[in-house]
Amino acid sequence: MKKRRFLTIQIVALICVLSAGAIMVCWLMNSIFLEKYYVFQKKATMVTDFQTMSDASAANILDDGGFDTTFDNMCANGNMTILVINSSGVVVRSSASDMSTLRQEMLNTMFDVSNAETVLSGDNYQILSSKETRLNSEYLILVGQLTGGETILMRTALESIHESAMLSNRLLLLVGLIMIVVSCLVGWVLARRITKPILQLTDISKKMVGLDFEAKYVPGAWKKDSQLKRLSVISDRLAEEDGREQISGNEIDLLGDHMNRLSETLERTISELKSANLELTRDIQKKEEIDEMRKEFLSNVSHELKTPLALIQGYAEGLEECINDDPESRDFYCDVIMDEAGKMNRMVQKLLTLNQLEFGNDQVVMERFDITELIMGVLNSARILMEKNGITLEAGNLPQTFVWGDEFKMEEVVTNYLSNAINHCEGEKKICVSYTMREGLLRVSVFNTGKPIPEEDIGQIWDKFYKVDKARTREYGGSGIGLSIVKAIMDGHGQSCGVENKEDGVEFWFELGTK
């Protein structure tokens, strides 16, 4: 909290120091020069009054009643005692009723030069500074000769000047102390008005450093008057609706508005960067996956082709070298070569089919057809092979059912499922084809008795060239592509396919829409 108020304390301290310094300078100037300035002004007043009296003497109106008002004003305003004596020693004008006493005091002062000091001289006058030792009083005395030949004595006490200067200094000091306190209070209020929005901007900047762009600067949010805040918010909204750039009331509000815009720009930019970074990450991952798939594909194709090519090469060399010259051996060698070449041809055809399906080159033609008729046709084609392997088929009660799909591609699915079931049928050696209807979908299931698929392999059997039992797959000439073709066909139809381990075998299934 101390750090947060450091700027406030600085501003208040600066205002207090400036106020105290200004008042101290004024007090020092007052103490040093005020009294001297009073004396200087008093001298000027005495010279002016002397000139007025001299003009009146020249006009012979010193003892005239019309001059009384002017004379009284000079005495009262200047706090002056004046005595005018003509050449015969008669008092022409006097500011006191006891003229004889005044005359004597003025003469004593004039001729007692031991305590007098000349401070100003003119053509017809002289101003003396005199100090009365008895009363410890100091006076300014003007002695001069008027134009009409009269002698004038003017005296003013400086004690009132000393007292006025002292009182003025005391009052200035008291007022200065009060002003310092008031300045501190006013400075505190002003500093808080300035620093509160700055502190708000500081908090916002800290949150921006932490990538938190929710906080926004609200002009006037530090004010206690909620009505003013509501009016400010309303005016801001109106300005935004009119499409005009809002101009804040002061520089801090303008800075806050710019910080809000900066926050929005940063948030938008960071969001775009994150989106671009995520997209780039996905592209990199996709590229890595493609590279990995390419490497795996080349490895699998090389592995699958290596064995038949080796067999073909070996038996071809045997024929060439006439290892067994009898017709039966030659026929056997040719049968092996043709069988392996046929396996390679089938694998290449399946790879081409899978490639067309995955890249969308082989379009799905949706039509309504009887799935039961298609399945029965596939089963009849494989019936001889099932009988040869001693397999029992259960599919006699399949009802006529029409579905939507590509009939030729679905025939490929059924053929792959049935071929896979025949090749892995064990135990009771039974294959069962069944239907299940649910929510407008027909699920076709092909079940065969035999060993279950290991749980860790179930999710991977749809991958190209993946074989659960490689030796058995090689025995019946499987390439590990058939189920990948099934998955690609069903994805092209937008339908599902899957496999489940049953109690005594494995069930493969696929779904098609009936509506």
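The structure is a predicted model, in which local features need pLDDT of at least 70 and side-chain atom pairs count only at pLDDT 80 or more, while totals for chains, interfaces and linings use all residues. Residues are numbered from 1 along each chain as its sequence is written, and side-chain values use heavy atoms, with hydrogens and water left out.

**Overall fold**

The chain has 12 helices and 13 strands; helices (H or I, at least four residues) and strands (E, at least two) are DSSP runs, numbered from the N terminus. Of its 515 residues, 34% are buried. Here buried means under 20% relative accessible area, exposed means over 50%, and partly exposed lies in between (1.4 Å probe, protein chains only). The accessible surface of the chain is about 31,500 Å², and 55% of this belongs to carbon and sulfur atoms. Such areas come from the Shrake-Rupley method with a 1.4 Å probe; for residues, only the protein chains shown count as cover. Among contacts (heavy atoms within 4.5 Å) between residues at least 6 apart in sequence, 63% join residues at least 24 apart.

**Nonpolar cores and a surface patch**

In soluble globular proteins, nonpolar side chains tend to be buried together. A nonpolar core is a set of buried Ala, Val, Leu, Ile, Met, Phe, Trp, Tyr and Cys residues joined through side-chain atoms within 4.5 Å. The largest nonpolar core has 42 residues, of which I371, Y417 and F510 touch the most other members. Two or more residues come from each of helix 8 (371-388), helix 9 (407-423), strand 10, strand 11, helix 12 (482-493), strand 12 (497-501) and strand 13. Neighbours within four places in sequence aside, I371 is in contact with T401, V403, Y435, L442, V444 and L512. A second, separate core holds 22 residues, including V39, F71, C75 and I161.

On the surface, M24, V25, L28, M29, I32 and F33 form a nonpolar patch with about 560 Å² of accessible area together. Patches are made of residues with over 30% relative accessible area and no salt bridge; like charges are joined within 9 Å, and nonpolar side chains (Val, Leu, Ile, Met, Phe, Trp, Tyr) within 5 Å.

**Salt bridges**

The structure holds nine salt bridges; each is a side-chain nitrogen of Lys or Arg within 4 Å of a carboxyl oxygen of Asp or Glu.

| Salt bridge | N to O distance |
|---|---|
| R93 and D68 | 2.4 Å |
| E500 and R443 | 3.9 Å |
| K502 and E500 | 3.3 Å |

The bridge between R93 and D68 links distant parts of the chain, as R93 is in strand 2 (residues 91-94) and D68 in helix 2, 25 residues apart. R93 is buried, at 10% relative accessibility, whereas D68 is partly exposed, at 31%.

In the pair E500 and R443, E500 belongs to strand 12 and R443 to strand 11, so the bridge ties together parts that are 57 residues apart in sequence. E500 is partly exposed at 31% relative accessibility, R443 is buried at 17%, and K502 is partly exposed at 36%. A network of salt bridges links R438, R443, E500, K502 and E511.

The side chains of E511 and R438 are joined by a polar contact of 2.6 Å. A polar contact is a pair of N or O atoms within 3.5 Å; within protein, one must be able to donate a hydrogen and the other to accept it, and residues adjacent in sequence count only if both atoms are side-chain atoms. Apart from neighbours within four places in sequence, E511 is in contact with R438, L441, L442, R443, M490, Q495 and S496.

**Two loop residues**

N60 lies in the loop between helix 1 and helix 2 (68-77) and has a positive phi near 55°, although it is not a glycine. N60 is exposed, at 65% relative accessibility. E439, likewise not a glycine, has a positive phi of about 50°; E439 lies in the loop between strand 10 (430-438) and strand 11 (441-449) and is exposed, with a relative accessible area of 79%.
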